[in-house]
Amino acid sequence: MSLPAPAGLLLLFLLALPPLPCPRAAPTEEKSPVVITLPGDALSPLSDRELAARYLQRYGYLEATNPEAQVMLETPLKAMQKRLGLPETGELDAPTLTAMRTPRCGVPDVGRYKTFEGDLKWDHTDLTYRVDNHSPDLDGSIIEDTFARAFDVWSQVTPLTFTRQQDGEVDILIQFGTRDHGDHLSFDGEYGVLAHAFVPGNTPLNGDAHFDDDEFWTLGRGVVVKTHFGNADGSLCHFPFVFDGKSYSSCTTEGREDGLPWCATTPNFDQDKTYGFCPNELLFTYDGNSNGARCVFPFVFEGKSYQGCTTDGRTDGYRWCATTANFDQDKKYGLCPNRDTAVTGGNSQGEPCAFPFNLGGRSYSSCTTEGRDDGRFWCATTSDFDTDQKWGFCPGEGISLFVAAAHEFGHSLGLNHSSIREALMYPSYPDQADFQLHADDIEGIQYLYGQNTGAQYQAPISPSQARTEDEDSSSVVDEALDFF
C-alpha cells in the first residue's frame, strides 16, 4: 500500500510559485437575489401552539396528548415558566417561545425517565467511564481530554474520582449518536436536543451520557483542527495564518501536489515554518475495525465502486470508507474524519464545502445566506448546486462539548435541572465556552456526595490546546515527515 508522502512535496521549491488569485465571492448588488429552495429545508414550521404542546409534553409538564387538540396550556405553561425562571404569565409570550426554541438538554424538567429507578446517587466515589465512540467534528484526543476536564469540574468539589477504562463494564458509558441511537429517547437533528444522560442506578443505561452528533461539536469558539504529523507536534491549526504572503482561514492544499490539506500552527508560516496536516481520509480513519488505516479509493461495496467516503449502508449518517480495495471481500472499514469546512444539516452532513460553487448561474467562493431568511450561512458540497442540489450549513461557533459534557455528567451523578439561569444545570447550556459552577450546582452535588476537603475549587477553563500525545503511525505512511 502506498500513499504520497505528506512531506514528499518540496515546499522550498513550491514557495516560489505564485498563489492562485482569490476569486470574488457574493453576487453583485445590482443583480436580483437568487430564489432557491434548499432540499430538505422546506418543512412547514410548527405553529406556536403545536410547538408549546410538544415542548411541554417532552419535558414533563403535560401529559401525553395530541398537539393538535385544544388542551388547556395555562397551568403547564406557568409550571414551565416557573421552572425556567421566566415571568409566570401562563401565555405563549416572546420569552417563553424563545426558551422553547433554544437548544437544550433532553432530560425532562419534571418527572423521571422510566429507567430512573433506584437511588439517585452512586454508592461509591471511585467512578469509571469509557468513551464508546468519537465524533468526526473533533480529534479523538481532544474529545478524551475534554471529557476528562468535564469530569474534573465535579471532582474538584466532591470526593469523586473518575478513571477512564478502555474496555469492560463501567459506571458511565459515553456515546455519540444520531436520531434513534439505541435508547428510547431519539435525537431530533441539529439545534434541538443536544444531549441527554441517565442518573445513577443498576440498569445498563444508568449513568450513561449521549451526545447528538447532528450538532457541530467544538470547544465553543468555532472549528477546532488538531494537526497530524508535520513538525508542530500535534498542535492546533491557527486561523488565520499567512502562507506565501496570503492569509488563510481554513486548511489549504496550496503549495502541495498531493492534494493533502495542511495548516500553519502559528499566525505566520512564512516566518515560523510550523505546520501540520489536517484531518483527511487519505491520512487516517477513526473507529471502525481498521485501527486507523487510511481509505483506499476506489473501493467496492455491494458490487458498486466508490471514489470517496459514503453514507451508503448506514442509517446514522456517518461517512465511511473501506480500507482495502474490496469491502465486500475484506469487510475492513473506518469512519471518515470531518474536514474543517464540513457542513452540518442540509442533505450533505459531514461533506466539505465545495468552493467555488455555482448557484443561480453565479459563482460563490465563500458561504452565503442567499435564498434564506434566517441569516444562516450555507454552501454547496459540489461545484454545481443548480445541478446537484447538495448543500449544508457552514461551520459556526458550534456547541461547546466541554460545557455540554459537564452538564450531562451532572445528571450522570444524580443532579436534576436547576431553575437558576446562571447555573450549569439550567436546562439550556450557558452560552459561553468557559464557565464556573454556580453555588446552586455546588450545593446540589455536595448534598449528594459531600465536600472535597483536600482541594480548593477553581473555575475550569475550556482547553485551548489538546494534549499533544504521540501519534500512532502504524496506520499511515511511515516515512520522513520533514517539510524540507
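Student: Why is Arg 164 called partly exposed?
Tutor: This is a predicted model, so the values are computed from it. Arg 164 has a relative accessible area of 39%.

Student: Why is Glu 144 called buried?
Tutor: Its relative accessible area is 12%.

Student: What makes Glu 144 and Arg 164 a salt bridge?
Tutor: Their closest N and O atoms are 3.1 Å apart. The cut-off is within 4 Å, so the pair counts. Side chains of opposite charge can pair when their charged atoms come close.

Student: Which parts does the pair of Glu 144 and Arg 164 tie together?
Tutor: Glu 144 lies in helix 5, residues 140–155. Arg 164 lies in strand 3, residues 161–164. So the pair ties together parts 20 residues apart in sequence.

Student: What makes Arg 58 and Asp 188 a salt bridge?
Tutor: Their closest N and O atoms are 3.8 Å apart. That is within 4 Å, so this pair counts too. Arg 58 is in helix 2, and Asp 188 is in the loop between strand 4 and strand 5, so the pair ties together parts 130 residues apart in sequence.

Student: Why does Asp 188 count as partly exposed?
Tutor: Its relative accessibility is 31%. That falls between the cut-offs of 20% and 50%, so Asp 188 is partly exposed.

Student: How many salt bridges are there in the whole structure?
Tutor: The search finds 12.

Note on methods
Residues are numbered from 1 along each chain as its sequence is written. This is a predicted model: local features need pLDDT of at least 70, side-chain atom pairs count only at pLDDT 80 or more; totals for chains, interfaces and linings use all residues. Side-chain values use heavy atoms; hydrogens and water are left out. A salt bridge is a side-chain nitrogen of Lys or Arg within 4 Å of a carboxyl oxygen of Asp or Glu. Helices (H or I, at least four residues) and strands (E, at least two) are DSSP runs, numbered from the N terminus. Buried means under 20% relative accessible area, exposed over 50%, partly exposed in between (1.4 Å probe, protein chains only).
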